[in-house]
Amino acid sequence: MTNVLRIGLAAVAGIVVLAGLGCSQKSETQEVTQAKAPGAKLKVVYIPKKSGIAYFDEVVNGFHVEADKVNVDFTTVAPDSGDATSQIPLIKEQIQKGVNVIAITPNSPDALNAALDEAKAKGVIVLTIDADLVGNETHRAACIMPTDADAVGPAQLDELASELPSGGDFAILSATHDAPNQNYWIAGLKKALADPKYSKLKLVDIVYGDDDPGKSTTEAEALLAKYPNLRGIISPTSAGLPAVAQVLDTAGKYPGGAHAVGGGIVLTGLSTPKQMKKYVDKGVLQKFLLWSPRQMGVLACYLAVKMKAGEIKPDEGVTVSVPALDDHKFGAKGIINASPLVTFDKKNIGQFGF
Amino acid sequence: MRTLLKRPELAPFVLLIVAFVIAARGSHSFLDVSYLLDTTSLHAETALMALGMTLVIVSGNIDLSPASNLALTACIVAKLALAGLPPALVVVAAVVVGGVLGAVNGALVAYGRLPSFLVTLATLALYRGGAQALTGPASIKLPDKLYGADQLLILKVPLPFVVVLVFAVVVAVLLHRTILGRWIYAIGLNEGAARFSAVPTAAVKFWCFTALGMLSGLSAMLLLSRLGVARYDHARGQELDVITAVLLGGASLAGGRGTVLGTLLAVALVAVVRAGMGLADVEADYQLAVIGALLVGAALATGGLEKLSSWTRMAREVG
């Protein structure tokens, strides 16, 4: 009986393979005709880090907005985990589906190299969005970064200074000790602090909440206890800022709060609007900043079309004029910054979906 | 008929055909032989580890550490390769390092008499942590000579797939055609009885874990060659894919049941389901749900078929 079974298995397997061979030839011809059809839409796919993150949904929204204008067939697929290799099967599938441009927020600076090279070999243009293949820039055509990293630190300091004209002590609540973005921004902030116009502001401490709501809360409470004269907190992390806001809200120590000392503690930093809305509405903080992930999508989609057509080369100094956006300029290594920082306040915070 | 219903690989085989047909209908880019062959490289590491895992699970044990073993082995041999070890020796080193890490599990389970779940839960963390301690957050770039095994074609078949087929034959012969294989089943079915029948139970279990370790080491080599870099967090969570494949292939966690063919069919099934749904733009979260449903379905089907076969036997005995 087992022998009969084995022969049966082999036969069925053989039939399946033969059927596969037959169909594959047919499908190839289909694709060729499709590609040759006049007026065929450019196929662009965006692969975020993983599914279910509102920030990347906003990038997708940007793609959708622009795709309608420039006649692009846009799709998005996301892996179920943010692991280094989780995007590789998706890249291969999209190549097989015959997309023209792959835009991706890479989960690894180097594990995707081989898969992206495969895409390039098949004539697919690869754009990285929001994060780059640092040290492996040759494996993609261009990179769309959210904003000018050099401006992030000084902009937050400027925001704090504008709300605290009399000056005072302030502290920073960051993410982790070794988070490269955070440290880069903080270094920029410290450099700007040397400017005489900020002479009344004094940075007294930098603490780390590890992007964990619990630890961020504890660290913020410790700051309040340790520095009774504290007048400002900057938290340049989307997990840290709401935690500090909650602490100030509970303690009533924000400007106008029940237990505010000497005018209260001014809070600002970087975060996403949706999670900060209740604190802004209540007046715990006035303003905070972030870039526009939507604008990254818009710019990437526009670039996809222009680069595929050969009309734009991502060389340093090349200007990109997207209709309805300000002009953008490519920097070194094919990097382009998508948007200036956006300031969120009571008036505009309701307009954002992330 | 009874034997056929009892074959553990029946459920994954039927499901594989169904999945293949659905995938082919779902997207016209699925049925492309060169694409399908190319995708096998993505599943070669899972397949190799699943072969070893079949031995461990048939013997009534479990190993949660192979993916961590893979990561640690990859980091160690990548460092050796950078230090100038010739490519052939790097491959040998991968198998040896992986084998030693597997042997640690084996020794603790077989001679230390500790439950395999506990031992390998510990080494799951230990090996991953070791890899991180060794390399930190940085990637180790491999020398070019070792890069791109998945691009090497043997009669149009990518090298990793050939490696899987070769080792599938080796493990199948070992499990299904040797006295050692019979011992593995005997231990899985009833370890006490096996020991009284003069089966060297400790040694057999030790070598099952060691074999899985060696295959994990070889997987590390395939992954390294495919990606060109080693990092401590590569293949994180892959142990679950491996265990899923073995169970989907009809093996029983209680031991004594499972075949190499079933495991291979299950790896192919997951690969086809993933690729088919991916090409049809099914979201990744739904893909996970489908794989979960398949596992439950296969387990129920296998149980149901067994019951059916025991009914036919009873009917025959009564009649």
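**View 1. Contacts and secondary structure of chain A in the predicted model.** Among the contacts in chain A (heavy atoms within 4.5 Å) with a separation of 6 or more, 69% are accounted for by residues 24 or more positions apart. The secondary structure of chain A comes to ten helices and 14 strands, where helices (H or I, at least four residues) and strands (E, at least two) are DSSP runs numbered from the N terminus. Of its 354 residues, 50% count as buried, a term that stands for under 20% relative accessible area, with exposed being over 50% and partly exposed in between (1.4 Å probe, protein chains only). This is a predicted model, in which local features need pLDDT of at least 70 and side-chain atom pairs count only at pLDDT 80 or more, whereas totals for chains, interfaces and linings use all residues. Residues are numbered from 1 along each chain as its sequence is written, chains are lettered from A and ligands numbered from 1 in the order in which they are written, and side-chain values use heavy atoms, with hydrogens and water left out.

**View 2. Packing of helices α3 and α4 of chain A.** Helix α3 (residues 88-97) and helix α4 (residues 113-121) of chain A pack with their axes 9 Å apart and at an angle of about 10 degrees; the axes are lines fitted to C-alpha atoms over the stretch in contact, and angles run from 0 to 180 degrees between N-to-C directions. α3(A) and α4(A) are therefore roughly parallel to each other, a label given to angles under 35 degrees. From α3(A), A:Ile88, A:Ile91, A:Lys92 and A:Ile95 meet A:Ala115, A:Leu116, A:Glu118 and A:Ala119 of α4(A).

**View 3. Two nonpolar cores.** A nonpolar core is a set of buried Ala, Val, Leu, Ile, Met, Phe, Trp, Tyr and Cys residues joined through side-chain atoms within 4.5 Å. In the largest nonpolar core, of 78 residues, A:Ile91, A:Ile102, B:Leu48 and B:Leu224 touch the most other members. Apart from it lies another core, of 65 residues, including A:Phe56, A:Leu290, A:Tyr302 and A:Ala304.

**View 4. The surroundings of A:Pro340.** A:Pro340 has its place in the loop between β13 (335-337) and β14 (342-344) of chain A and is exposed, with a relative accessible area of 54%. Leaving aside neighbours within four places in sequence, A:Pro340 is in contact with A:Thr147, A:Trp291 and A:Gln295. The C-alpha atoms of A:Pro340 and A:Leu290, which are 50 residues apart along the chain, are separated by 8.8 Å.

How values were computed:
Angles under 35 degrees count as roughly parallel, over 145 as roughly antiparallel, 65 to 115 as roughly perpendicular and the rest as oblique.
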